[in-house]
Amino acid sequence: MQGNMMQRQMTLTDVMRHARTNYPNQEIVSVTADNPAHRYTYKESFTRAAQLASALEKLGANAGDRIASLAWNDYRHFELYYASSCSGMICHTINPRLFPEQIAFIINHAEDKIIFTDSMFVPLLEALSDKIKVEAFVVMTNKENMPESKLANVHCYEDLIASGDENFSWPELNENDAAALCYTSGTTGNPKGVLYSHRAMVIHSYASLLPDVFDLSATDVVMPIVPMFHVNAWSIPYGAAAVGAKIVFPGPKMADGETLSKLINEEKVTISAGVPTVWLALLTYLRQTGINIPSLQRVVSGGSACPWSIMEELEQKHDVYLHQAWGMTEMTPLGTYNARVSTNLPPEKQKALRLKQGKPSFGVELRIVDEKGNELPRDGVAFGALQVRGYWIIERYFKQTESALTADGWFDTGDVATLDPDGYMTITDRTKDVIKSGGEWISSIELENQAVALDGVAEAAVIGVLHPKWDERPLLIIVKDGSKELEPNEILASFEGKVAKWWIPNDCVFVEEIPHTATGKISKKDLREQFQNHQWTQEIEK
Ligand code: AMP
């Protein structure tokens with residue numbers, strides 16, 4: 001027998017309508033390339049989104065069309081999110097940090113109809129123009145700041161808005177309609193598209209708002225530093241609207257400590273979200289200037305493992321609690337969240353718990369399996385391939401017919417993890433980065449966490465390099481921060497007693513810079529290439 005509740009479709013249009021009706025005067029503040037301090041209200045924002053949706057229709061865009069963006073976090077990008085998704089089109093955010101050939105591949109694969117771009121990416125698009133097939137371009141600025149351009153069929157964003165009808169009638173959508181598209185960064189092979197439905201995004205937004213997750217409310221001021229081109233800024237633009245929180249968008253100034261601290265203090269930001277390098281940039285600036293950020297209460301850190309030194313400094317010097325979160329493009333992206341741990345626990349226990357990636361949010365289940373697919377125990381020790389299933393997890397990649405799931409319906413994340421009896425998950429590696437020494441696995445992330453905690457270390461990476469006896473052995477690669485002389489042997493000795501003896505890297509080398517991927521993660525693939533002929537200088541006894 002079926003339940004007899006109303007079958008109302010869950011769509012982002014409802015999120016927009018809710019915010020416009022109930023929080024019309026809540027503010028959205030942005031830094032943009034053409035205005036360092038733009039501010040307006042939700043009501044104005046959604047009125048302009050209606051104008052934009054109507055203008056998009058006049059440009060010939062229809063339901064299901066991919067409307068792409070190459071843009072930073074600001075109010076125009078926010079308007080485009082809602083204008084495209086809520087009119088039945090698909091908001092396709094593109095990461096401008098990808099290689100140009102990857103961007104061209106993505107645009108063609110997605111068959112983008114119109115590309116919205118910040119002025120600074122116009123030259124990039126011009127360089128790609130004979131490789132891509134797009135009907136129109138829209139530069140996200142006003143008339144005064146429109147750049148000269150060789151692109152065909154270019155429009156000015158503010159002119160489009162002015163031409164649109166603010167009484168645009170939003171269509172009734174089905175919750176299973178696609179709302180947004182994002183490509184994985186594709187460190188191996190071509191990037192793959194992940195198409196999000198309205199339903200997945202609405203349920204995901206609910207989950208992200210829970211008290212043990214972002215815990216957002218109308219009294220919060222939220223600054224998403226995580227780019228809007230990276231898994232919809234972890235869905236903050238929807239979650240904030242659902243609860244009526246004030247939003248602060250940092251525009252192109254995402255890793256600029258000065259702009260970030262100024263925005264935090266002037267707009268009284270209470271919560272922010274970004275990758276660990278953002279927190280590092282902010283802390284470095286605060287240390288250099290002695291500036292404090294009293295309004296900020298908590299930050300969410302994800303994308304890669306967060307070193308303890310960052311959590312410690314944020315909390316001890318600024319009373320800011322850093323929550324670690326884990327997720328991925330294929331998961332909309334939320335997987336796990338590390339909620340506040342009890343202060344009644346001994347400090348060492350608190351630290352150990354906080355370094356974990358957290359517990360799954362309700363709506364996501366986790367399991368770890370061995371190479372044959374057998375489930376491994378949740379004992380906090382066994383590591384295996386991390387698989388997930390849930391309400392907002394991918395089933396197949398965009399335009400692919402075959403399922404992305406295992407025969408029994410789980411998605412293999414490509415991460416290696418432990419699960420403990422209390423539900424905490426700890427990422428120990430990516431499957432392709434795991435170091436296999438003498439048939440056993442060594443966690444590169446654990447070793448990196450230890451290394452970046454040392455004085456004088458700015459960044460550390462550990463990779464497996466071929467070894468005649470052990471198959472592979474860990475090589476530690478360090479960027480110094482210049483504050484201290486460092487000796488490779490001293491660094492290696494510092495691991496003793498902290499990790500199993502056979503985990504200790506055989507060698508430590510210093511480099512000026514560690515390569516990063518377009519989403520800011522350490523590029524182990526590049527490092528492995530760079531150090532493939534490394535000559536070992538030390539031996540270990542296993
Ligand atoms: P992306 O799809 O670009 O968001 O990348 C997802 C991947 O980033 C995950 O599969 C993990 O390998 C990594 N990742 C995300 N969050 C964390 C975290 N808190 N700790 C360690 N790795 C993470």
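1. Start with Ile-114, which stands opposite Ala-136 in β6. Strand β5 (residues 114-117) and strand β6 (residues 136-139) run parallel and are joined by 4 bridges. Strands here are DSSP runs (E, at least two residues), numbered from the N terminus, and two of them pair if DSSP finds at least two bridges between them.

2. A word on the source: this is a predicted model, where local features need pLDDT of at least 70, side-chain atom pairs count only at pLDDT 80 or more, and totals for chains, interfaces and linings use all residues. Residues are numbered from 1 along each chain as its sequence is written, and side-chain values use heavy atoms, with hydrogens and water left out.

3. Now for the sheet. It is open, with 7 strands in the order β7-β6-β5-β3-β4-β8-β9 and mixed pairing. Because β7 (154-156) and β9 (193-197) stand at the edges with a single partner strand each, one side of each has no neighbour in the sheet.

4. On to the ligand: 15 residues surround it (a heavy atom within 4 Å), and the closest are Ala-325, Thr-329, Gln-357, Asp-415 and Arg-430. Strand β14 (residues 321-327) gives the largest share of this shell, 4 residues.

5. Look next at the polar contacts (pairs of N or O atoms within 3.5 Å). A side-chain N or O atom of Arg-430 is 2.7 Å from an oxygen atom of the ligand. A backbone N or O atom of Gly-303 lies 3.0 Å from a ligand nitrogen atom, and one of Ala-305 lies 3.3 Å from a ligand nitrogen atom.

Key:
A polar contact is a pair of N or O atoms within 3.5 Å; within protein, one must be able to donate a hydrogen and the other to accept it, and residues adjacent in sequence count only if both atoms are side-chain atoms.
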